[in-house]
Amino acid sequence: PPTVRIVHSGHACNVEEERYTERVYTIREGETLELTCLVTGHPRPQIRWTKTAGSVSDRFQDTSVFNETLHIAKILRHQGGRYYCKAENGLGSPAIKSIRVDVYYLDDPVVTVHQSIGEAKEQFYYERTVFLRCVANSNPPVRYSWHRGRDVLSQGSDKGVEIYEPFFTQGETKILKLKNLRPKDYANYSCIASVRNVCGIPDRRVIFRLTNKTASPSIKLLVEDPIVVNPGQTVSLVCIATGGEPPPTLTWSSTSEKLPEKSVVKDGTLTLPAITSEDAGIYSCIASNNVGNPAKKSTTIIVRALKKGRFWITPDPYHNDDNIQIGREVKISCQVEATPPEELMFSWLKNGRALRSSERMVITQTDPDISPGTTNLDIIDLKFTDFGTYTCVASLRGGGIPEISIDVNISSTTVPPSLTVPRGKSPLVVREGETVELECLVSGKPKPIILWSRADKEVPMPDGSMQMESYDGVLRIVNVSREMTGSYRCQTSQYNGFNVKPREAVVELIVQYPPAVEPVWSEVRQGLNRPVAMSCRVLRAHPSRVLRYEWRLGSRLLHAGHFDTRDETEYTVRTLTREGYGEYTCDIINEAGAGRCTFLVTGKAFAPEFYYDTYSPLWQNRPRVYGYKLQWTQMNPDAVDRIMAYRLGIRQTGQQRWWEQEIPVEGPIQKGELITYNLTELIRPEAYEVRLTPITRFGEGDSTIRMVTYSAPINPHLREFHCSFEEEPICMFTQDKNDNFDWTRQSAATRDTKYTPNTGPSGDHSGSKQGFYMYIETSRPRKEGEKARLLSPTFNVAPKNPYGITNPPAYCFGFYYHMYGKHIGTLNAFMKQKGQATSDASPVWSLTGNQGERWRQAKISIHPTSSFQVIFEGIRGPGIEGDIAIDDVTLEEGECPDPPSNHIRSKAPYRATHIWPLCSALAFTLFRGQR
């Protein structure tokens, strides 16, 4: 079953381990968060990162990351919260670990000023009290301090000053109250916001100058309200500040929250060039100087417009039929949308001549609350001479906007609409993917707009709307799909036609589609001389009456037939031969086409599964090489023929050539059986790509590839501790929090291309460009004399007798160092024992100055009397060419075999590095064992 552990490698300020069973990772806003989930389990577990936080907007699905490493560059404050790593492989319960990420930040503080003036009864003076309120957004909670000039203000230090935290602010802000202002109260006030330098966040300060002229802002708009303009005009809104100290800043806003993109704001004036109807709305000028409440003045811009002209004819309501006949009443209605509505004017023409209201021709305007922008022409007792073209003309008072004219013809041929479906057009039968036209014949004069909608259910039309308009009665649907099968309603619109009960008709659409089958694709693995059964099933089809099925191997027809009452067909190969391997297809066919099931029958073995049982499953060998215990199980070993061998391929990262060898397998492999294979003579610290392929008499099976990466031991033990800094945990070394800067882990392959020349190593101690080492970067902003300290993990010294340590044990402390550059400072090594402060640690080795462009070794015998740490201290020299590096730190029991280096001045002999060639022979040993 899986296990999980979370490690961190980003820019953490602090990590509190297991505080009340909770890990808290503190990071500064804008830094990089990097969390890695280390898992064990076999088969290898699937990993998923998720996040929960106080915000409801953090949806679970949107924040899942399927990767071992969670990387967030330039983290923001809202990305803080609890991060969970979940690993599952189908065995037992999923393993879950979490860590809380606190994002620390501090915004610039803002000071706002409020004043109150009260008249004291029976006394002839005014009391003027001023409140200065300081607010800064932060995490952790901010602390505030107030200064008047250079003097610190505190509660009780001045009788005229009170500093308090109102209950309703929950301590998040400090209020400075100046009671009954005195001359000395007119001064510069500083509010300093501090988070106590956590994460290196500096304090932030804001200054407010209080004078006897300090006042809240006031403004004036030099425009009318409302402003009525024509489209295309340029509108300028002028806002000026009439008061306020300090001088207020002026900003503009609109009802749509954002100002139009083309708008220009300059010195309080808002200019809107080439205005359109979309720019209409309320625009507000806001003045703020953090004294009192902001001042706000607003005006409304109205853009004149006429649009959407429509008409309808209403027959005589006192007759049952809807016909237009002589002697009856008829009403013509005309409607437009006008802005502003009070400027709307209508006029009527008959055959091009002006028409005035009379007893028989009554012109009215509908109440705007009932039907805005509507005019009516009532013709009483229709006569033959009334036949003709009536024109409704809409315009806006003052002009500047094009008129809208609507022509309506009244004649003996003016008849209500009717709708019919042409013969043979319902039901319509089409195949999926074709183009279809649904048709309703519409008659009548004037011919109305036809509205199409679904009649059988409330679902959108093909364009996504609930209704589609058609002027000729035809609804055209391109690439019709099976979901479009159903009833469609065509219906006359009230507008541009008769104001009568809508006429409607229904068209049935039937979409045929080929059978949908399962499985669409399936892989069948089987050994020779065994039976294989395949089954293809119909899920749905239209028409549902399926005609026939055909089984094929490649292009060769194997079997065909017709369906009876069943919805599936089977094909069986009784004894599988080599010729029987291949791709089998089953086509199930109806009138609309065919659905196909595909079966790939193969004798390939399944892929092996590498065993991920430890975080760093390697074993050390000699100093320059390492070994790796490769372990795996075989997925479904009985599914195909017996596995006779594995082909092992291995290549060094970055190389093209694979080294390959076959590993023979004796006897059948059991399910779950753990196979072990030792890789030796791997060059340290290079990484390797390993490929494993099972082989049966069918041939090669599926391959599995994994990386083998060198890493130093994570948990130090005193008999032989060795650290070459190849892994990010750097062997549990830690940075001192009380020095000036940190040591940096780096390799020549990953260093910045802008690195300082003429200093620092060109590779690690072994000469590898990929190998890592630790160094101090002495470029700016580092200064001469600044120190960086690196602390080893704590080593326990066990007493050899129950009464304590009388003869302290000896240990040989060794490391390689690189001190090249004309500005090299000093490298010191200390031993810090239990109970000692870092500053009290005992110096055991020291070296100053340029030692040449090479790695050198130092070895020192040390004699601790209690648990201890070793400390490396790098001191920056007089310039930027002073990088100092260390690598391959060792600690072994016993005195150093070589004469120990001088504890204070070391002249360690140079030892030439030896790089093992890639073509070194690889020794292999195969172990087999039951899991």
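This briefing describes strands, cavities, aromatic rings and some backbone features of one protein structure.

The structure is a predicted model, in which local features need pLDDT of at least 70 and side-chain atom pairs count only at pLDDT 80 or more, while totals for chains, interfaces and linings use all residues. Residues are numbered from 1 along each chain as its sequence is written, and side-chain values use heavy atoms, with hydrogens and water left out.

**Strands and their pairing**

- Strands are DSSP runs of E with at least two residues, numbered from the N terminus, and two strands pair if DSSP finds at least two bridges between them.
- An open sheet of three strands has the order 1-4-6, and the pairing in this sheet is antiparallel.
- The edges of this sheet are formed by strand 1 (3-8) and strand 6 (69-72), each of which pairs on one side only.
- On average, and with direction ignored, neighbouring strands of this sheet are turned by 15° against each other; such angles are taken between axes, which are lines fitted to C-alpha atoms, and run from 0 to 180 degrees between N-to-C directions.
- Strand 1 is joined to strand 4 (residues 33-40) by six bridges, and these two strands run antiparallel; within this pairing, His8 has Leu35 in strand 4 as its bridge partner.
- Elsewhere, strand 26 (residues 305-314) pairs with strand 27 (residues 330-339) in the antiparallel sense over eight bridges, and Ala305 stands opposite Thr339 in strand 27.
- Strand 26 is also joined by two bridges to strand 42 (residues 497-498), and here the two strands run parallel, with Trp312 standing opposite Gly497 in strand 42.

**Cavities**

- A cavity is a set of points, on a 1 Å grid over the protein atoms alone, where a 1.4 Å probe fits but cannot get out, and its lining residues have an atom within 4 Å of a point.
- A search of the whole structure finds two cavities of 30 Å³ or more, where a volume is the space filled by probe spheres set on the grid points, which are joined across faces, edges and corners.
- The largest cavity holds about 80 Å³ of space, and its lining includes Gln746, Arg751, Tyr773, Tyr775 and Asp883.
- The lining of the largest cavity divides into four nonpolar, four polar and three charged residues; Ala, Val, Leu, Ile, Met, Phe, Trp, Tyr, Cys and Pro count as nonpolar, Asp, Glu, Lys and Arg as charged, and the others, Gly among them, as polar.
- The second largest cavity has a volume of about 40 Å³, and among the residues that line it are Pro417, Thr492, Phe498 and Lys501.
- In the lining of this second largest cavity, four residues are nonpolar, three are polar and one is charged.

**Aromatic rings**

- Rings of Phe, Tyr and Trp (its six-membered ring) pair if their centres lie within 6.5 Å, and planes under 30 degrees apart count as stacked, over 60 as edge-to-face and the rest as tilted.
- The structure holds 18 aromatic pairs, and one of these is the edge-to-face pair of Tyr773 and Tyr775, with 6.3 Å from centre to centre and 70° between the planes.
- Tyr773 and Tyr775 are buried, where buried means under 20% relative accessible area, exposed means over 50%, and partly exposed lies in between (1.4 Å probe, protein chains only).
- Tyr817 and Trp845 form a tilted pair, because their ring centres are 5.2 Å apart and their planes lie at 50°.
- This pair links distant parts of the chain, since Tyr817 is in strand 65 (residues 811-819) and Trp845 is in strand 67 (residues 842-848), 28 residues apart.
- Tyr817 and Trp845 are both buried, and they belong to one aromatic cluster together with Phe813, Phe815 and Phe872.

**Backbone features**

- The peptide bond that joins Glu245 and Pro246 is cis, with omega about 0°, and Pro246 lies in the loop between strand 20 (235-245) and strand 21 (249-254).
- A cis peptide bond also runs from Arg780 to Pro781, with omega near 15°, and Pro781 is found in the loop between strand 63 (772-776) and strand 64 (787-791).
- Asn180 is a residue other than glycine with a positive phi, near 45°, and its place is in the loop between strand 15 (174-178) and strand 16 (188-194).
- Asn180 counts as partly exposed, because its relative accessibility is 36%.
- Asp888 is not a glycine either, yet its phi is positive at about 45°; Asp888 lies in strand 70 (residues 884-893) and is buried, with a relative accessible area of 12%.

Notes: Helix = DSSP H or I, 4+ residues; strand = E, 2+ residues; numbered from the N terminus. 1 Å grid on protein atoms, 1.4 Å probe; cavity = no way out; pocket = protein on both sides within 12 Å on 5 of 7 lines; lining within 4 Å.
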